[in-house]
Amino acid sequence: MLKIFCAVGSGSVPIEATLTLLGIPYEMIEAVTWEDEAARKLVEMVNPLRQVPAVVLSSGEVLTESAAILIHLADLHPQARLAPALGDPRRAQYLRWMVYVSAAIYALVWIIDEPARIVASKDQAPDVLDRLENRRAECWRMMDEQITPGRYILGDELSVLDLYVAVISRFAPGRTRFYKSAPRMAEIVRRVDADLRLKTFWSKRFPFNDGWER
Ligand SMILES: N[C@@H](CCC(=O)N[C@@H](CS)C(=O)NCC(=O)O)C(=O)O
């Protein structure tokens, strides 16, 4: 069975959501890496970067990097139509935005979670966090202005890109700012949040608790 090193409210959630939609059973190894050295040690067994998500495929092969995992899963199950296939005119933009969300936006979490990783003194941290939040909001704005959405980001069908954006947009600076920076995607992520097929899943893996939009 496929195994996933994962954590509530983390970048593993869009992958878990994808597996849920695909109806693929999976084993979860919960590891809240950003809070706990023991969790990082656990993940290190499969990912030297000590980050979730990390997936161990049924063959035993390890796959890390959220965007790569999502692209791979969607490609393995074309019948579910969770991504434009090779040759589909939307494929290039799909790959573009998957990598953009990962590289330009999600990657900054490494500093946001622990600014001491790059700042020389503690009092620089609030300023750095502020700048990173501005950068993220700006990246969402630029993406929003360049997409040609339908009901979803790539058109009228839900794709793993929508699941990815719905989750990563909940990280700092939070949804309230995201809605302002990216008004067109705001409508789309709300649609993903409300997807009835994922109702129970969201409540367990990234609940909409009071004040969740920040
Ligand atoms: N580039 C990675 C980023 C993964 C990542 O930053 N994961 C966070 C949790 S959301 C983590 O495990 N952080 C712990 C750490 O970096 O020490 C991906 O896209 O999968």
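Predicted model: local features only at pLDDT ≥ 70, side-chain atom pairs only at ≥ 80, totals over all residues.
Local features need pLDDT of at least 70 and side-chain atom pairs count only at pLDDT 80 or more, while totals for chains, interfaces and linings use all residues. Residues are numbered from 1 along each chain as its sequence is written, and side-chain values use heavy atoms, with hydrogens and water left out.

**Domains**
- The protein is divided into domain 1 (2-80) and domain 2 (91-196), with bounds that come from an automatic or database domain assignment.
- Taken over C-alpha atoms, the centres of domain 1 and domain 2 are separated by 19 Å.
- In contact, meaning heavy atoms within 4.5 Å, are 19 residues of domain 1 and 14 residues of domain 2.

**Shell around the ligand**
- Of the 14 residues around the ligand, those that come nearest are T33, V52, E65, S66 and R117, where a residue is near if one of its heavy atoms lies within 4 Å.
- Domain 1 (2-80) and domain 2 (91-196) each supply at least three residues of this shell.

**Atom pairs with the ligand**
- Oxygen atoms of the ligand lie 2.7 Å from a side-chain N or O atom of T33 and 2.6 Å from one of S66, each a polar contact, that is, a pair of N or O atoms within 3.5 Å.

Conventions
Polar contact = N/O pair within 3.5 Å; in protein donor to acceptor, adjacent residues only side chain to side chain.
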